[in-house]
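Dear colleague,

Please find below the structure for your review, together with its sequence.

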Amino acid sequence: MFVHKHRKRKAFYIGFLIFVLIISLLTSFIWTVEIEKTSFVDEKLIRDELKACGIDVGVIKYGHSAHEIQDKLMMKIPSLSWIWVEIRGTRAIVSVKERTRKPEIFDKNTPCNIVAKYDGVIEKITAINGNQIALPGDVVKKGDLLISGVYDAKYDGVRLVNAEGTALATTWHTLKETFPLQRVATEQTGKNKKQIILSAGGKDIKIFPLWGHGFEKFETTEENRQIKLWGDLYLPFKIKIKTINEIAEHTLKMSEYDAFVYYRDILIKSLEKELDGEAEILEKTAEHKLYGNNITVSVTLKCRCDIAEKRAIQTGG
């Protein structure tokens with residue numbers, strides 16, 4: 001009775017059935033592979049190994065053994081200490097934990113010296129193995145011998161050992177550069193336009209507007225939204241919302257003091273990044289000289305750090 005009553009709406013029901021089948025088909029695939037950010041393991045390496053294990057965008061989500069994939073990845077990428085793969089809806093979610101990076105380790109039988117990693121003044125030196133050469137108060141240059149692996153034993157004669165120890169020192173790290181007093185500064189004018197783009201299969205299709213933004217100079221920010229039905233059932237489409245902000249450039253002439261402060265801070269940040277947290281910063285000093293329309297800025301960081309660095313003894317042969 002129901003079918004007979006609605007026989008004229010047969011096309012609607014067929015269309016609805018096809019729609020349900022298409023949705024069921026689309027939700028049977030993996031459409032996104034999310035990998036937890038790593039510090040030093042290349043994400044591309046993880047993606048390539050996942051792909052080799054059958055986990056990739058566009059593959060059927062059924063029939064994968066998470067434990068087998070995890071075991072294979074642990075063998076292929078030894079720098080990972082733990083990995084977890086979970087297929088949730090149309091997403092493959094990969095969580096990883098990296099092994100703690102260790103400094104270069106020499107085999108205990110490899111003869112090594114300990115040399116200075118930086119110029120500095122020795123505060124305290126401890127030789128655990130080897131022959132101590134430097135003393136507290138000594139001024140050393142980068143590469144100078146601190147603890148020798150050439151050990152003169154009283155009864156065994158001269159032998160080569162793997163020198164070990166620490167050398168706490170005061171170090172000075174200097175960076176000097178010349179800059180112009182004038183610099184080009186940019187600022188947003190307050191005018192902006194939004195652009196909506198549909199992304200599918202690696203291709204972008206402009207939805208709105210179809211024409212350009214008309215700004216001569218601009219900055220762009222982008223927000224990506226994966227289209228989903230509900231929960232973790234994502235579809236293989238993304239909506240990109242681009243915000244194009246018009247910017248204006250103008251030449252900014254700085255006073256001597258403003259230029260000094262501006263460039264000083266840039267150089268200090270550069271030095272701190274270079275040290276990468278391995279030194280305790282005790283003092284920051286800076287000076288400058290003006291040369292016409294240019295300014296030369298020099299910054300120095302006084303630090304305390306362990307400057308001991310192992311270096312293999314070349315025995316020849």
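**Salt bridges**

A network of salt bridges links E123, E280 and R304. Please bear in mind throughout that the model is predicted. Across the whole structure, the search returns 10 salt bridges.

In one of them, E278 and K117 form a salt bridge in which the closest N and O atoms are 3.0 Å apart. E278 belongs to the loop between α5 and β16 (280-291), while K117 belongs to the loop between β4 and β5, so this pair ties together parts that are 161 residues apart in sequence. E278 is partly exposed, with a relative accessible area of 35%, and K117 is partly exposed as well, at 25%.

A salt bridge also brings together the side chains of K217 and E249, at 3.9 Å from N to O. K217 sits in the loop between β13 (203-208) and β14 (218-230), and E249 in strand β15 (residues 233-253); the pair therefore ties together parts that are 32 residues apart in sequence. The relative accessible area of K217 is 35%, so K217 counts as partly exposed. E249 is likewise partly exposed, with a relative accessibility of 44%.

The side chains of D56 and K51 meet in another salt bridge, with 4.0 Å from N to O. Are these two residues buried, partly exposed or exposed? D56 has a relative accessible area of 26% and is partly exposed, whereas K51 reaches 53% and counts as exposed. The step between these two classes lies at 50% relative accessible area.

**Nonpolar cores**

The largest nonpolar core has 31 residues, of which I122, I125, L146, Y263, I295, V297 and I307 touch the most other members. Two or more residues of this core come from each of β4 (112-116), β5 (120-129), β8 (145-148), β11 (164-180), α5 (256-275) and β17 (294-306). Which of these elements gives the most? The largest contribution is that of α5, with eight residues.

The surroundings of I307 can be given in detail. Leaving aside residues up to four places away in sequence, I307 touches V115, A116, K117, Y118, I122, V140, L146, A167, A169 and T171. Among these contacts is K117, the residue that forms a salt bridge with E278. I122 and L146 are also among the contacts of I307, and both are listed with I307 among the core residues that touch the most other members.

There is also a second, separate core of 17 residues, which includes C53, I55, L80 and A92.

**Aromatic pairs**

Two aromatic pairs are found in a search of the whole structure. F179 and Y263 form a stacked pair, with 4.1 Å centre to centre and 5 degrees between the planes. F179 lies in strand β11 and Y263 in helix α5, so the pair ties together parts that are 84 residues apart in sequence. Both F179 and Y263 are buried.

The rings of Y262 and Y263 have their centres 5.1 Å apart and their planes at 75 degrees, which is why the pair is edge-to-face. Y262 has a relative accessibility of 34% and counts as partly exposed, while Y263, at 5%, counts as buried. Taken together, F179, Y262 and Y263 form one aromatic cluster.

**The three-stranded sheet**

An open sheet is formed by three strands in the order β1-β3-β2, with mixed pairing. β1 (32-35) and β2 (80-88) stand at the edges and have a single partner strand each, so one side of each is left without a neighbour in the sheet. On average, and with direction ignored, neighbouring strands of this sheet are turned by 15 degrees against each other.

β2 and strand β3 (residues 91-98) run antiparallel and are joined by eight bridges. L80 has E98 in β3 as its bridge partner. Helix α3 (residues 43-52) packs on the sheet and touches β1, β2 and β3. The direction of α3 makes about 135 degrees with that of β1.

With kind regards

Methods
Residues numbered from 1 in each chain as written. Predicted model: local features only at pLDDT ≥ 70, side-chain atom pairs only at ≥ 80, totals over all residues. Heavy atoms only, no water. Core = buried A, V, L, I, M, F, W, Y, C linked by side-chain atoms within 4.5 Å. Buried < 20%, exposed > 50% of the residue type's maximum accessible area, 1.4 Å probe, protein only. Helix = DSSP H or I, 4+ residues; strand = E, 2+ residues; numbered from the N terminus. Contact = heavy atoms within 4.5 Å. Pairing = 2+ DSSP bridges. Axes fitted to C-alpha atoms, helices over the stretch in contact; angles between N-to-C directions. Phe/Tyr/Trp six-rings, centres within 6.5 Å; stacked < 30°, edge-to-face > 60°.
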